[in-house]
Amino acid sequence: MQTQQILLLHSLAVGILLLFWMYWLLKKQLFHWNTGGFWAWAAFALYFVANPLSSVISGDYLVYDITLAIAGKEKRAIWIGLVICIGISVFFLVYLRTRAATVRWQLKHPARYSPAVWSFVILCFVIGMPALLTFRIGLFGGVQNVVVEQGRFVGEVSGYEYSAHTFLLVPTVFLILVVPQPGRLVGWVLMAIYVLASLADPWSRFLGVSVLIAISLTDTLRRSKHWPRVTLVVLIVFITTILWIRGHGTFSSRTDLLTTAAQAPTSLLDTLSSGDAAMLATFYLDSYTRDTLAGFDYGIPLLNYSVTGLVPFRLFPQKYFLIDQLRDQQTPRIGLEIQALLYGAKSSLIGSFYTEGGIIAVVLMMALAGWLSRRLDGMLHADAPPLVKATGIIWMSLLWMIWGSADYWALTMLGMVALPAIGIWLLSPKTRSKRSQTSRALAPQPLMSSPISAFNPTHRANKPQDR
């Protein structure tokens, strides 16, 4: 069977399955811009339907030819197609059956926040803006000192310094949700600057798109709507296409930027069929290496990143020792040729789950992803506290890329953007938990020595509920 036929049949099968789940999402009123279910559905449609289908239409399917030729052609394609369909179905089954509860993090809805909260927000801006200007826009020559080997910062600039611009995201949305109009305008301007900075940053293109999505989510929730403004959707598609055409480079001049922008309307099909979205091709090859050559990871990378990922490399240079030991054992079995094809490529989040333990890991992890996505919906509920809602907006804006990446990368990215939220939470007023309130209500009442003691002011002042 030819590669074109394999991709067409795969796109048809997954497309029909996604239409089935779209029906149930629509029936449950969960197919809209503000739900994790919608963003999962959109990511599945992009990576497993739109990319292979547009690759056939455009004739640009060389990467599929290569990976399928190595991995076993029809047999591998049928197996991975089945794995994807099972993973998608497990995700939506759990997602639709999970109750949507408003997430509150025990936070109050105060009329105003304390100076300590706003001092911390300002601190996040003070830390984040230099990183934005230095490492995204390229001012002050800081990019020259960045040395990255195998995704690790080993030069003069640490990963925290380089990524500190992400500390702006949650505080900026929090500012927009909480303060009156003048301060809200500052938040919108910061978001716009962040998007413009992506035009100068060759390595964080996805963040520019994600911030645009965060802007649309914030605006949609503020207007109590289910869908964003059409202009914002057009802008998201337009900027995404420009960044894809530019690639991992920079615009040399304003003329270069305008020329690229002029090409965007006619380059949409090429964007969809590009190697940047060819996660299915990588999935074919990566799954082949796991099944026949290297073996599974059994969650070791995810565990290592979970335990030591946030520890600065300078303090613990050997923090990825478990991953290094695993790679030392697996890389020789894979071979240099296949290793070169897989270097820097992503097999999607489902593919990442497959590397952990095959179809069993896909079923278990997709079920967990479905439950977590439904909980994420609760963070965007109208009654959720502003900090919860701001964090949920930023997390949801990253989902389109998370579904196309690895599980440990998703964990690291979600953790980085949530660090400012932890600081704001610690300084914000909390509500008492239901358990403490129940214990308080059931506390033993003091016995009255006489009916007169009920009217004794001193006695009443010592009652537990008045303390």
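Modeller: Let's start at Arg 97, which counts as exposed because its relative accessibility is 74%, and the cut-off for exposed is over 50%. Please keep in mind that this is a predicted model. Arg 97 belongs to helix α4, which covers residues 73-97. Now look across to Trp 371: 274 residues separate Arg 97 and Trp 371 in sequence, yet their C-alpha atoms are 8.7 Å apart in space.

Tyr 95 and Leu 368 are 273 residues apart along the chain, with 9.1 Å between their C-alpha atoms. Leu 368 sits in helix α17, residues 348-379. With a relative accessible area of 41%, Leu 368 is partly exposed, so it falls between the 20% and 50% limits.

Helix α17 deserves a moment of its own. A straight helix of its 32 residues would reach 46 Å at 1.5 Å a residue, but the end C-alpha atoms of α17 are only 25 Å apart.

Now step back to the whole protein. There are 22 helices and 2 strands, and 48% of the 467 residues are buried. Of the contacts between residues at least 6 apart in sequence, 76% join residues at least 24 apart. Finally, the accessible surface comes to about 23,100 Å², with 65% of it belonging to carbon and sulfur atoms.

Definitions and conventions:
Residues are numbered from 1 along each chain as its sequence is written. This is a predicted model: local features need pLDDT of at least 70, side-chain atom pairs count only at pLDDT 80 or more; totals for chains, interfaces and linings use all residues. Side-chain values use heavy atoms; hydrogens and water are left out. Helices (H or I, at least four residues) and strands (E, at least two) are DSSP runs, numbered from the N terminus. Buried means under 20% relative accessible area, exposed over 50%, partly exposed in between (1.4 Å probe, protein chains only). Contact means heavy atoms within 4.5 Å. Accessible areas come from the Shrake-Rupley method with a 1.4 Å probe; for residues, only the protein chains shown count as cover. The expected span of a helix is 1.5 Å times one less than its number of residues.
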